[in-house]
Amino acid sequence: MPLWVYIASLLVVCVCVYLWVLERRARSKFAGIPTYPLLPFIGNVHQVLGDGKQVFQHMDRISRICDDNMSPFVVWLGPCSILVTHDPDDVKSITNAFVEKPYYYSFGRIWLGDGLVTAPGVVWKHNIKKLAGTFTSSVVDGYLEIFNAQAHRLVENLKTEVGKGPFDVIHKYLAYTTLETICQTALGVSMISESIVTTEYYDAFNRCLELIIMRAMNVLVHPDCIYRLTPAYREMVKCVEVLHNVSDTVMKKRKQEQKDTKKSKAENNNNGKASAAKFKAFLDILLELHETDATLTEQQVRSEVDTIIVGGQETVASTLFYTMLMLGSKPRVQDKMYAELRSIFGDSSSPISKEDLSRMVYCEAIINETLRLYPPVPGVLRYADRDLPLKSYTIPKGTAIAINSWGAGRSERVWGPDAKEYRPERWLEDQGPGQPGAFLAFSYGRRACIGKKYAMALLKTVLAHCVRELEFVSDPSNLELKVDIALRAVAGNLIQVKLRERK
Ligand code: HEM
């Protein structure tokens with residue numbers, strides 16, 4: 001055998017031994033924490049990667065292991081560890097300690113730039129100070145007219161399904177309704193008839209999400225240098241161009257309108273009239289900030305607006321879907337919700353006001369209960385940029401941490417033996433539900449959702465319009481779930497609607 005074969009073999013053996021030593025050292029830091037059986041070098045890659053249905057099954061299984069052992073769980077993707085936890089105390093410590101996210105989030109940057117969700121920790125810390133207060137109650141109140149108009153239109157569309165079989169409510173109606181609502185409030189087209197969401201925009205939006213998910217599920221295209229060589233990357237660039245063109249065009253128009261309004265305000269200053277406009281688009285708020293703060297560049301404004309649209313669209317559509325599914329299979333809950341609406345509105349189909357929203361207490365409990373059992377974002381990730389000692393172990397620097405909202409919502413340790421039962425009343429009981437850090441649908445601590453008030457107002461408005469006019473019927477036993485970053489139903493034809501008979 002030639003000498004070079006000996007030398008090459010020796011080198012390969014040395015590299016393997018070196019990697020093995022590194023691996024042993026890394027794994028020893030998680031000694032005692034449950035994991036799946038490991039293979040050398042690849043760890044659990046062969047077990048945990050698969051399609052969305054398999055990812056869901058692993059998430060559910062790992063949640064149960066964590067609950068049974070009162071412990072986190074560690075998954076090894078080669079040399080990289082992902083620590084999975086839903087322990088409320090650990091979640092509180094982790095979300096307050098770490099604002100950095102692992103590299104997976106960078107897959108969205110081509111579209112969302114350094115917007116809040118995808119920004120590196122240092123950029124996020126700077127921007128959140130300006131943006132945390134943007135969705136205040138008074139800003140959200142200004143959106144109610146749009147919410148009501150969109151909800152009314154949705155009900156009219158759903159009425160066309162009356163008397164037919166189960167239909168795909170999310171893809172046929174909810175996805176479009178939420179995208180249009182969020183675009184109108186984020187970008188500021190207050191005229192309901194002035195649609196921003198063209199078919200081209202809608203298709204590009206959905207395709208971008210799909211491409212990001214496809215990349216996340218395929219480790220081979222995680223490195224940027226490889227991904228850029230693929231047809232998927234070229235398609236992504238084209239779709240992003242369509243989406244950015246819309247944001248750019250609206251931004252330019254809006255900037256000009258703001259200038260004109262300022263000018264005419266200055267001219268009319270003498271008549272002392274206060275502006276009646278309550279509606280303030282998210283883009284308007286950002287453009288005002290951009291005028292006084294040079295660090296908020298136009299590109300950053302666009303990234304934040306695009307982020308809001310992505311952050312709010314599927315999450316709200318899915319919550320509506322799961323809520324309709326639950327109402328349809330729990331006539332007692334649906335009747336109780338209808339009774340609450342009757343006590344507020346009587347026979348009237350009037351638009352919903354902010355006072356009405358605050359009286360819809362049972363409806364809010366229904367939404368929370370749905371989000372507890374079906375969190376549209378079933379987990380979020382953080383990156384440990386230093387060691388963090390917790391009550392029973394230390395998270396070593398360099399670990400990716402998966403905070404498991406699915407597991408948290410279904411934990412019997414936290415929610416009691418009826419944890420898996422859909423029971424909105426638990427949110428209205430004296431002692432209150434669960435404990436802080438156990439309801440993670442909107443995440444927790446730093447980098448939690450800033451759109452919660454917006455989401456609750458929109459969800460309540462849409463559900464109130466629907467349940468006043470329609471009755472949902474469903475069979476959730478046919479619900480099969482998958483995790484494609486978001487928690488999604490595998491097939492959608494699960495819900496039917498009937499016209500409500502006013503009692
Ligand atoms: C039921 C509806 C919603 C759910 C379940 C939800 C859930 C979440 C979750 C889990 C996160 C944390 C993401 C992470 O750490 O990776 C998040 C962040 C965020 N959400 Fe929501 N969201 C909802 C609605 C909305 C809406 C309507 C908006 C905007 C109008 C919005 C805007 C955002 C933004 C900007 C962030 C990033 C916050 C930051 O990093 O500082 N969300 N959301």
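Student: How do the residues of the shell around the ligand divide into nonpolar, polar and charged?
Tutor: This is a predicted model, so keep that in mind throughout. In it, the shell around the ligand has 14 nonpolar residues, seven polar ones and one charged one.

Student: And which residues are the closest to the ligand?
Tutor: Gly311, Gly312, Thr315, Cys449 and Gly451 are the closest, out of 22 residues that surround the ligand. Two elements give two or more residues to that shell: α14 (298–329) and α20 (452–469).

Student: Which element gives the largest share of the shell?
Tutor: That's α14, with seven residues.

Student: What does UniProt list for Cys449?
Tutor: The UniProt record, an unreviewed entry, has Cys449 down as "binding site". In the model, Cys449 is in the loop between α19 and α20.

Student: Buried or exposed, that Cys449?
Tutor: Cys449 is buried, because 20 other C-beta atoms lie within 10 Å and the cut-off for buried is 20 or more.

Student: What does Cys449 touch, leaving out residues up to four places away in sequence?
Tutor: Phe442 and Ser443. Ser443 is found in the loop between α19 (412–415) and α20 as well.

Student: Why does Arg447 count as buried?
Tutor: Arg447 counts as buried because it has 20 C-beta neighbours inside 10 Å. Ser443 has 19 C-beta neighbours inside 10 Å, so Ser443 counts as partly exposed.

Student: Changing topic: which residues in the largest nonpolar core touch the most other members?
Tutor: Ala186, Cys208, Leu283, Val305, Phe321 and Leu459, in a core of 123 residues. The largest share of this core comes from α14, which gives 14 residues.

Student: Take Phe321 from that list. What does Phe321 touch, not counting residues up to four places away in sequence?
Tutor: Val169, Ile170 and Leu174.

Student: And where is Leu459?
Tutor: Leu459 is in helix α20. Leu459 is buried, with 23 other C-beta atoms within 10 Å. Not counting residues up to four places away in sequence, Leu459 touches Val316, Thr319, Leu320 and Ile367.

Student: OK, on to α4. Which residues of α4 are buried?
Tutor: Helix α4 (residues 88–97) has Pro88, Asp90, Val91, Ile94 and Thr95 as its buried residues. They are on the same side of α4, because they cover an arc of only 155° around the axis.

Student: Why would that sort of spacing put residues on one side of a helix?
Tutor: An α-helix has 3.6 residues a turn, so residues three or four places apart point the same way.

Student: What covers the buried residues of α4?
Tutor: The cover includes β2 (80–85), β4 (379–383), β5 (388–389), β7 (400–404) and α19.

Student: Which residues does the UniProt "transmembrane region" annotation cover?
Tutor: Residues 6–22, according to the UniProt record, again an unreviewed entry. In the model that span is 100% helix and 0% strand, and its end C-alpha atoms lie 24 Å apart.

Student: Where does Phe41 sit?
Tutor: In the loop between α1 (3–28) and α2 (45–48). Phe41 is partly exposed, with 13 other C-beta atoms within 10 Å. Leaving aside neighbours within four places in sequence, Phe41 is in contact with Leu19, Glu23 and Gly78. Phe41 and Gly78 are 37 residues apart in sequence and 5.4 Å apart in space, C-alpha to C-alpha.

Student: Last one: where's Arg500?
Tutor: Arg500 is in the segment after β11 (493–499). It counts as partly exposed, with 15 C-beta neighbours inside 10 Å. Arg500 touches Glu469, Leu470 and Glu471, not counting residues up to four places away in sequence.

Technical notes:
Residues numbered from 1 in each chain as written. Predicted model: local features only at pLDDT ≥ 70, side-chain atom pairs only at ≥ 80, totals over all residues. Near = placed C-beta within 6 Å. Helix = DSSP H or I, 4+ residues; strand = E, 2+ residues; numbered from the N terminus. Nonpolar A, V, L, I, M, F, W, Y, C, P; charged D, E, K, R; others polar. Buried ≥ 20, exposed ≤ 12 C-beta atoms within 10 Å, placed from the backbone. Core = buried A, V, L, I, M, F, W, Y, C linked by C-beta atoms within 7 Å. Contact = placed C-beta atoms within 7 Å. UniProt positions renumbered as here; feature names shortened; annotations may be inferred. Arc of directions from axis to C-beta.
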